[in-house]
Amino acid sequence: HTWPEAAPHLRAAGAANHSSCSLPPGSHAPHLPPAMPLLADDAALQVRGHELRVNQAMVRTGKPASPGVKAGAALALCGLAWLGGRVLAKGAVATLALVLAIMRVKRVSQWCVSLFLPAAMRSMDKAMRKIKEATLIPIIQGRVLDFGCGDGQYLRYVGKALDQVTEIVSLEPNTNLHRGILAHAEKFNCTSKPYQLSGEFAEDLLLERGPETFDTIIVGNVLCEVPDQRAALSSLYKLLAPGGCLWFIEHVAAEKNTIEYKVQHMLNPLWCTLTDGCNINRSTLKRIEEQPWEVNAWDLSFRGGILGRIQVGLATKPDAKLSAL
């Protein structure tokens, strides 16, 4: 099933200004009310002196398949379904159970994910490149944290803004991906700046570096994997300096009461096990909006299916000094 053409291709969600300077020291971020639409398709958003625009046409979805290709795909699926039935009849359920048990071993699952994740990231990067170039490169500045960076694909965009960068930290707990990260850091000249590759989590980095350490944080399809979104986002909010920007892009749960939404929830336990913790049914934007920063986000369609809904946006931490003026 694909997204219906009648559905809006681009919606915006955001939170009204929630200033951190109004919170007493040591208090927790409040649960904010549901976001209201702020941006229309191709509307301008002013961030750090740049005008940012996003529209559905910027998503590269590939050419529509011809009728012949569609017919061939349908026949192939029928063949796979028949073959799958034959295999299941011969006891493949026990084999699948064994595979799932093995994938629950963290070192095994991380190694397996490191084999296919780079290709998946490259595919997603090509599809969203125009959006990243339009919204990510202009806001990169100062001390940059690439959070949960996979194999380092986002260093491509950091490398295009090096004249605005003073420090780069790549954070990726899966050490099997570190070789690829270092290769991308070299390829895009990021090592010409003070550069650190860390296998820690956000909470550990906060303890090591202290609060208000980064001016720009990049979060690219990683909040689907963190065990506790609220804890991770709380740490990222604390790591972000006043006036800093967190840029995010995430695949999220489909609209409620749709077939895609129901399928996502049905498949999520299996998907999560096979992908080392990736969840396909999270309402990530709601979790982002719980922190007291200003959020602007676009809702995009992407090729349909269980990963067919993408949300991209910016969370800006209020600057208490500017708010007091």
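Biologist: What share of the contacts in the protein chain with a separation of 6 or more is accounted for by residues 24 or more positions apart?

Modeller: In this predicted model, residues 24 or more positions apart account for 77% of those contacts. The secondary structure of the chain comes to 10 helices and 10 strands, and 46% of its 325 residues count as buried.

Biologist: Why is Thr-284 called buried?

Modeller: A residue is called buried when its relative accessible area is under 20%, and Thr-284 has a relative accessible area of 1%, so it is buried. Thr-284 lies in helix 9, residues 284–289. Leaving aside residues up to four places away in sequence, Thr-284 touches Leu-223, Gln-229, Glu-250 and Val-252.

Biologist: What makes you say that strand 4 is largely enclosed by the rest of the structure?

Modeller: Strand 4 covers residues 142–147, and five of its six residues are buried, so the strand is largely enclosed by the rest of the structure.

Biologist: How do you know that strand 4 and strand 5 pair, and in which sense do they do so?

Modeller: Two strands pair if at least two bridges are found between them; strand 4 and strand 5 have six bridges, in the parallel sense, and therefore count as paired. As one of the contacts of this kind, Gly-142 has Val-165 in strand 5 as its bridge partner. By the rule of at least two bridges, strand 4 and strand 7 (residues 214–220) also count as paired, because they have four bridges, again in the parallel sense. Here Val-144 has Thr-216 in strand 7 as its bridge partner.

Biologist: How do you know that the buried residues of helix 5 line one face of the helix?

Modeller: The buried residues of helix 5, which runs over residues 178–187, are His-178, Ile-181, His-184 and Ala-185. When the helix is seen down its axis, these buried residues fall within an arc of 120°, so they line one face. The face turned away from the buried side carries the exposed residues Arg-179, Glu-186 and Lys-187. What covers the buried residues of helix 5 includes helix 4 (155–159), strand 5 (165–171) and strand 6 (195–198). Helix 5 is followed by Asn-189, whose phi is positive, near 65°.

Biologist: What makes the buried residues of helix 6 line one face of that helix?

Modeller: In helix 6, the residues Ala-202, Leu-205 and Leu-206 are buried. Seen down the axis of helix 6, its buried residues fall within an arc of 105°, so they line one face. The buried residues of helix 6 pack against strand 4, strand 5, strand 7 and helix 7 (229–239). Just after helix 6, Gly-210 takes a positive phi of about 90°.

Biologist: How many residues line the largest pocket, and which of them lie nearest its centre?

Modeller: The largest pocket is lined by 45 residues, and those nearest its centre are Leu-117, Asn-221, Val-222, Cys-224 and Glu-225. The elements giving two or more residues to this lining are helix 3 (106–135) and helix 6 (202–209), and helix 3 provides the largest share, 11 residues. About 950 Å³ of space lies in the largest pocket.

Biologist: Which classes of residue make up the lining of the largest pocket?

Modeller: The lining of the largest pocket has 22 nonpolar, 12 polar and 11 charged residues.

Note on methods: Residues numbered from 1 in each chain as written. Predicted model: local features only at pLDDT ≥ 70, side-chain atom pairs only at ≥ 80, totals over all residues. Heavy atoms only, no water. Buried < 20%, exposed > 50% of the residue type's maximum accessible area, 1.4 Å probe, protein only. Arc of directions from axis to C-beta. Contact = heavy atoms within 4.5 Å. 1 Å grid on protein atoms, 1.4 Å probe; cavity = no way out; pocket = protein on both sides within 12 Å on 5 of 7 lines; lining within 4 Å. Points joined across faces, edges and corners; volume = space filled by probe spheres on them. Nonpolar A, V, L, I, M, F, W, Y, C, P; charged D, E, K, R; others polar.
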